[in-house]
Amino acid sequence: MFVRNKRQYATYKAETDTNVYTSFIFGFAERWADKMETCLDQGVRNMEKLVDSTFNQASTHVGIKPIYLTPSMVEEGKKILYKYWEHGEMLKDYLENKH
């Protein structure tokens with residue numbers, strides 16, 4: 001995951017990622033960012049396609065192992081991306097304005 005400020009993100013994660021619950025949230029956020037970055041690197045620029053093609057993979061599986069995230073865990077993961085991910089503002093604008 002490409003973050004805007006590596007030191008700030010590392011500090012935030014060290015202070016916040018303290019249990020299984022938060023590990024799932026950070027894991028989801030980082031997996032989703034990685035998957036979206038891969039699509040961006042492949043030239044995908046359509047936000048709907050970018051989000052839709054990566055969200056389910058990031059939120060339901062770690063490799064082949066299924067995971068279960070609650071809606072609040074997904075929302076917390078989005079907040080992490082909005083604040084720290086290099087493309088977080090673009091993601092936030094899309095998700096908040098898509099309906």
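Me: What does H61 touch, not counting residues up to four places away in sequence?
Reply: H61 touches R31, N56, P66 and I67, where contact means heavy atoms within 4.5 Å. This is a predicted model, in which local features need pLDDT of at least 70 and side-chain atom pairs count only at pLDDT 80 or more, while totals for chains, interfaces and linings use all residues. Residues are numbered from 1 along each chain as its sequence is written, and side-chain values use heavy atoms, with hydrogens and water left out.

Me: Why is H61 called partly exposed?
Reply: Buried means under 20% relative accessible area and exposed over 50%, with partly exposed in between (1.4 Å probe, protein chains only); H61 has 35% relative accessibility and therefore counts as partly exposed.

Me: Why does D34 count as partly exposed?
Reply: D34, which lies in helix α2, has 34% relative accessibility, so D34 counts as partly exposed.

Me: How is the packing of helix α2 and helix α3 described?
Reply: Two packed helices are described by the angle between their axes and the distance between the axes. Helix α2 (residues 20-41) and helix α3 (residues 47-60) pack at about 145°, with axes 9 Å apart; the axes are lines fitted to C-alpha atoms, for helices over the stretch in contact, and angles run from 0 to 180 degrees between N-to-C directions. Helices are DSSP runs (H or I, at least four residues), numbered from the N terminus.

Me: Which residues of α2 meet α3?
Reply: F28, R31, W32, K35, M36, C39 and L40 in α2 meet residues of α3 including L50, V51 and F55.

Conventions. Helices (H or I, at least four residues) and strands (E, at least two) are DSSP runs, numbered from the N terminus.
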